[in-house]
Amino acid sequence: MALRFQVLRKEKTMTDRDFERQFVDAHNDYRQKHGAPPLSLSKDLCNSAQKWANHLLSSKCLKHSSTDHGENLYYASSSVPKEYNGKDAVDSWYSEIKDYHFDKPGFTSGTGHFTQVVWKDSREVGVGIATDGKTIIVVGQYHPAGNISNAGYFEKNVLLPGSSPSDRHSSPVRKPDPSQKGTTHPEGKGSDRVFERQFVDAHNVYRQKHGAPPLTLSRDLCNFAHKWANHLLSSKSLQHSSTDHGENLYYAYSSAPKKFDGKDAVDNWYSEIKDYHFDKPGFTSGTGHFTQVVWKDSREVGVGIATDGKTIFVVGQYHPAGNISNAGYFEKNVLPPGSSPSDRPSSPVRKPDPGQKGTTHPQGKGSDLAQFHRDFLQACNFQRAAHGAPGLTLDSALSRDAQTWAQTLLKGRLLKNSSSPHGENIWAKTGSPGITATGQEVVDAWYKQVENYDFSKPGHQDKTGQFTQLVWRSSKEVGVGMANSGTGMVTVVANFKPAGNITNPGYYALNVLPKGSKVTNEPVQDVTLRMQTLKVTSLSASELDTFVRDLLTSLNQYRSQHGAGRLELSSALTKEAQEWADHLISINRLMNRNKGHGENIFCLSGSSKTAPTGSYVAESWYKEIEKYDFSSPGFKNGAGKESTTIYT
C-alpha cells in the first residue's frame, strides 16, 4: 500500500516517526564522514518545517520560508502512488558534494544543500513532510543555521570526507538562535559590574604578559558597546558596528540556561595567539581578536553584554583602536609573551601616517576583495529573490571596469557615474583611518531605498534608483569593485548588465516587483538588450521631414486642447536633438542630457524595420495625462512628458 500523509495532520503516525528517524540517521551517517557531530531531532523545528511543507504543497510552489534557521527543500513526484523514504531527500542534497571545491571553501551555487547537511556547527534538525501519495515535499530546518559566509566559516564547518571531529575546531562565534526573543542582561546591574570587572581583569592579565599597559574601563565605551550588543541580539545577526573604535565580538550558546563569565570572551579572543607569527608581525586572518586584546597603544575598553540566559553576545570596544596595518604598527604594538613594558615603546595615542596605504582590519570585516565579491553577490541575490528576480552571476570583465572606476573616484574624491553603458550603483563611506566595508553593508544601503518606492505607481521615482537597479529583473550579470584609501575613505562601484531603470512604459512594472513575488523564468522584455542587437538605419531626408511635420502637428493638436500656444520648429534645437538621439543609440542607454531645454525621450525596439510615426510618439507622451492631477498642479512622477507637451 502506498504511504500517504495528510496535508494537515494533528498527530504523527508511526510512519511519520520512521521517516523522521530515517531522515536524521541519513544526516548523521554523512556528517560522521566529514567530522561533524550528530544532529538531534528538534520538536520545535519539526513543527516549523511541517507548517512550511504544508504551505508549499497547498500552494503548488517551491520556495524558501522567511525563517532564520538553515533550510533545505526537496521535491519529488511519481506518476503512480509511491512510498517515500526519509533518506531520499538527504541523499539528493548530499549528492551536491560532486560540485563542491574543498580547496576553495565558500558558498557556491548548487552546493548549499550539501554544505548545510554536513555543517559542523549545526546541532539540531527538524523535518516536515507533505504529500498526496504521488508528490512529496520535504523541508529540513537546522539550528544553528549553516552556510554562513563570514570569512573562515566554510573552511571550519565543511570538512573533507574522512575528517575527524577534532579537525579545524569551529569558532564559538556562531549565528544566534533566531527562536530566542533576546533581551538585555536579565541579572541586573550588580551582575553587570561583576562581568565588567572579570572582563577588564582578564584583558590586563594577558596584556601584562605582552608588555602592554593595563586598560581602564570607559563608561562611554560601555554604553556604545551595550547598545550594539542589544542590537545584535534583537536582530539575530553578527556584524560589526560602524564605530571608529576597535571592536571585538563574541557569541556563545548553551541549550540549557547558563551563567556566563566576563573572562570567557577574552579567553576565546586570546586563544588566537596560536595562529599569530611574531616573526612576521602584521594583520593575519583569524588573529584580529587576539592582537586587539594585547594592542599596546589601546588605553581604554568598554564592554556590552546582551543575553537571554542561553545565548550571549559580548561586544568589546577599544580606544585608541588597534589593528592598524601601517608600517611598523604591529611590530610595536603586538609584543611576544614575556616582553616588558619598556620593550619597543610606542606612542600612547599614535595616529597612522596618512601617507601610508595601510588599513585597519577589525576581525570579520572582510578585508579580502575576493571574500567581498562573494558576500556582495550573495547579498544581492538574497534581496533579488525576495522581489521575484533571478540570481545574478559575477562577471570578471564587469568587475574590472567597476574596480577601475572605483579607484578613479577614490583618487579624485568624487562621487559620480561613469559613461558606462551598463547599469551602475555607487556607494562610499568616510571615517577614521582603516575603515573598510562588507558586501552586505553596501547592498543593505542600496536596498534601504525600497522605503521610498511606491509599487502601486511603477516607474522612476526620486531616491529609489539604486534599489530598482538592484532588483531589476532583466539584469543578469554584475561586477563590483572596491577601493580603500587606508586613510578613511572607501568607494564601491557595481555594474549591472543588462542595465536597469529603463523608463519606457511598462518596464518598471515588469522588472521591479513587490516583495514576496515568485521567481520565474518567464522572459521579460528588455530594452537594453534589444538596443544592443538592433540594427540602426538612418532615415532619409524626406522620411525625417515627414516624421517631424507629423510630430509637430500632433503636438499642437494636443496643446490646443489645453489652451497652449502653437510650437514652432527650431532648426538649432532639431540639430541638437538629433545628435543626442544618435549618442543614445551609440551608448545603448536612455538618459536625459540636462542641457537646460525641456526634453522628452521615446524609444521603441523590436524586429520591425518600420519607423514609428510622429503622431504615435506624441500620443505615447500624451497618454501620461492619466497620471496627472489637475487639482494638485505640479511635477508628478510619470506625467513629465505630457506636461512638457502642453506647457505654455
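Is Asn 147 buried or exposed, and at what relative accessibility? At 18% relative accessibility, Asn 147 counts as buried, where buried means under 20% relative accessible area, exposed over 50% and partly exposed in between, with a 1.4 Å probe and protein chains only.

The views below show a predicted model, in which local features need pLDDT of at least 70, side-chain atom pairs count only at pLDDT 80 or more, and totals for chains, interfaces and linings use all residues. Residues are numbered from 1 along each chain as its sequence is written, and side-chain values use heavy atoms, with hydrogens and water left out.

**View A. The loop between S4 and H5 holds Asn 147 and Pro 144.** This loop runs between strand S4 (135–143) and helix H5 (153–157); helices (H or I, at least four residues) and strands (E, at least two) are DSSP runs, numbered from the N terminus. The peptide bond from His 143 to Pro 144 is cis, with omega near -15°. Asn 147, a residue other than glycine, has a positive phi near 55°.

**View B. A cis peptide bond joins His 319 to Pro 320.** The omega of this bond is near -10°, and Pro 320 lies in the loop between strand S8 (311–319) and helix H10 (329–333).

**View C. Helix H11 passes helix H13 in a right-handed crossing.** A crossing is right-handed if the near helix is turned clockwise from the far one by less than a right angle, and left-handed if anticlockwise. The axes of H11 (residues 369–386) and H13 (residues 439–447) come within 7 Å and cross at roughly 35°, the axes being lines fitted to C-alpha atoms over the stretch in contact, with angles from 0 to 180 degrees between N-to-C directions.

**View D. Lys 463 lies in the loop between H13 and helix H14 (465–471).** Although Lys 463 is not a glycine, its phi is positive, at about 60°. With 60% relative accessibility, Lys 463 counts as exposed.

**View E. Ser 475 is buried, at 0% relative accessibility.** Ser 475 is found in the loop between H14 and strand S11 (477–484). Leaving aside neighbours within four places in sequence, the contacts of Ser 475 include Arg 384, Leu 392, Gln 469 and Phe 496.

Conventions: Contact means heavy atoms within 4.5 Å.
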